[in-house]
Amino acid sequence: MHALFEDYRVAGFFDEMFEDPETPRSTYAELYAGLRGLAPEAFGRKSELVDACYLTEGITFAHHGKEHAFPFDLLPRLVSASDWAALDMGLRQRVRALDAFLADVYGPRRCVQDGVVPNRLLMSCNGYLREMVGVTPPHGRWVQFAGIDMVRDGAGDWRVLEDNLRTPSGLSYVVQNRAFMRRVFPEAFRGHRVREVDQAPLQLREALEFAAPEGVTEPRIVVLTPGSLNSAYYEHTFLARQMGVPLVEGRDLLVRDRRVYVKTTTGYDRVDVIYRRIDDWFLDPVVLRPDSLLGVPGLMGAYRAGNVGICNAPGTGIADDKAVYAYVPGLIRYFLGEEPILQQVPTYLLERDADREHVLANLDRLVVKAVDGAGGYGILIGQHATPDERRVFARRIQLNPRAYIAQDTISLSRAPVFLDNRFQGRHIDLRPFITYGAEPHVVAGGLTRVALRDGSLVVNSSQGGGSKDTWVLAR
C-alpha cells in the first residue's frame with residue numbers, strides 16, 4: 001500500500017480515486033504513481049504552506065461572522081476527457097433552456113399556456129419579480145453566468161443537484177486553487193495534460209460585454225458589491241481585478257436621465273454593464289426594497305429603458321427555485337426539442353398530496369430542502385437528523401408545503417482529503433461555471449467542494465466546507 005494512503009478506507013460509496021483499496025482508477029493512475037515517493041510528512045508540509053499562502057494573500061471566506069482562509073485540499077480531483085465532454089454538452093444545454101424559460105416567463109408565457117409549468121408555482125416563487133414582466137434584456141439574454149451543482153451517485157453517474165443563476169459564487173477559488181497548486185505542488189502536474197482555467201475571468205468578461213446596450217461597442221463594466229462585510233467580498237475584488245474593471249458599491253453609482261454613471265476623480269463616467277453581486281430586492285430602493293442601502297435609486301428605470309445591462313438579469317432567481325428544478329427536464333424538451341443530457345435527483349413536490357404523504361412517512365430516508373434556500377441552510381438530511389428535528393420539519397411541511405421539496409438521498413461520491421496528517425474519505429460535489437455571451441461556454445474545470453466533517457453531505461463554504469482543484473484532463 002502507498003504510504004500516503006495506508007490508512008485510507010474505500011467502503012460504501014463511489015470513490016473518485018480508487019476502484020478498490022489498492023487500485024486507483026485509470027484517471028488517477030499517473031497521479032497515484034507520482035505520489036509514491038512522497039511521505040505523509042512532506043505532503044503535510046505542502047498543505048501547511050498552501051494554508052499559509054491563502055492567509056497571506058487574503059483568500060478568505062466569512063464563516064460564523066469571522067474571516068477564515070478558504071480550506072483547500074492539495075490532492076486534486078480529476079475528471080476524464082470523456083466525462084467532461086458529456087458534462088460540457090449537458091451544462092450548455094441546461095443553461096440554454098433556462099435562459100429560454102426566463103424569457104418566456106416574463107414574456108409570452110407559452111410554457112404556462114401549454115401546461116409545461118403550472119402558473120401557480122411560478123407566481124409563488126420568491127425569485128419571481130413582477131417588475132421584469134415585459135422587459136427584454138440586451139440581445140434577449142437573461143443569463144450571462146451560471147453555476148450548476150453536480151454530484152456523482154453511488155453508481156458513479158453524474159446528476160444535477162441544483163441550479164444557481166442569481167449570483168453564483170466560487171469562480172475566483174477555481175482560478176486561485178490552480179495557481180497555488182502550480183506554485184506549491186508543481187510536480188503533481190508531471191505526466192498530465194490539464195486544461196487551463198486561468199482565462200475564466202476573461203471568459204466572464206466576454207459574456208458581460210455581450211450584455212451591453214445595443215450600439216455600445218466598448219462597454220464600460222463595473223462589479224457591484226454589497227461591501228467588505230459580505231462573505232464573498234474577496235471574490236468580488238478578485239474578479240474585478242482580473243477582468244480589469246472597477247469594483248463599486250451602490251453609493252458610487254448615480255442615475256441621471258435613466259442612464260447610469262460611476263463617480264470618478266474627474267467626474268462621472270457612463271456605465272454600460274453591471275455585474276451585480278447583490279440580491280434582486282436590494283438593487284433599487286425606488287421600486288424594490290425602500291430600505292435598501294446597497295442599491296442605486298432609479299437603476300431599474302435605466303434597465304427597463306435599455307440603457308444598462310445587469311448580469312444576471314433581475315428575476316433570474318425564479319429558475320433557482322427548487323420546485324422549478326423538478327420541471328427542468330420538461331423545459332429542455334419544450335424549448336429546445338431535445339432530450340435532457342444530464343440526469344437529475346428524483347424530487348417530490350410537497351403540494352402534491354401523494355408526494356407529501358410519501359415524504360412525511362419516510363422523512364428518515366429523504367432530504368428536505370427549502371425551495372429558496374442557499375448556502376446549505378434550510379436542509380433536513382433525514383438519516384442524520386434526530387426524531388425531534390424530523391418532527392419539526394414535518395410540521396413545517398404541513399403548514400407550508402410549497403416552501404419545501406424532498407429528494408431521495410444520494411450517496412455522494414467520496415474522495416481522499418488530507419486531514420490530521422492522513423487521507424480520509426469525504427463527500428464532494430462539483431460546481432462547474434458556464435458563461436453565456438453569444439454562445440454558452442463551460443469553464444474547463446469547476447469548484448470541487450468538500451464536506452470536511454466525517455459523514456457530512458453539506459459541502460457549502462458557508463457551512464465550513466472546503467475545496468479541491470479540479471483537473472479536466474485533455475485527451
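**Exercise 1. Aromatic pairs**

Y54 and F72 are both buried (under 20% relative accessible area with a 1.4 Å probe, protein chains only; exposed is over 50%, partly exposed in between). The model is predicted, with local features requiring pLDDT of at least 70 and side-chain atom pairs pLDDT 80 or more, while totals for chains, interfaces and linings use all residues. Residues are numbered from 1 along each chain as its sequence is written, and side-chain values use heavy atoms, leaving out hydrogens and water.

*Task.* Classify the ring pair Y54 and F72, and state which elements it ties together.

*Solution.* 
Step 1. A pair of aromatic rings is described by the distance of the centres and the angle of the planes. Rings of Phe, Tyr and Trp (its six-membered ring) pair if their centres lie within 6.5 Å; planes under 30 degrees apart are stacked, over 60 edge-to-face, and the rest tilted.
Step 2. The ring centres of Y54 and F72 are 5.7 Å apart and the planes lie at 10°, so this pair is stacked.
Step 3. Because Y54 belongs to helix α2 (residues 40-57) and F72 to strand β5 (residues 72-79), the pair ties together parts 18 residues apart in sequence. Helices (H or I, at least four residues) and strands (E, at least two) are DSSP runs, numbered from the N terminus.

*Task.* Treat F145 and Y275 likewise.

*Solution.* 
Step 1. With 6.4 Å centre to centre and 80° between the planes, F145 and Y275 form an edge-to-face pair.
Step 2. F145 is in strand β6 (residues 145-152) and Y275 in strand β13 (residues 273-276), so parts 130 residues apart in sequence are tied together.
Step 3. Both F145 and Y275 are buried.

**Exercise 2. Strand pairing**

*Task.* Which residue of β11 is the bridge partner of L254?

*Solution.* 
Step 1. β10 and β11 (residues 259-264) pair in the antiparallel sense over 4 bridges; pairing requires at least two DSSP bridges.
Step 2. The partner of L254 is Y261.
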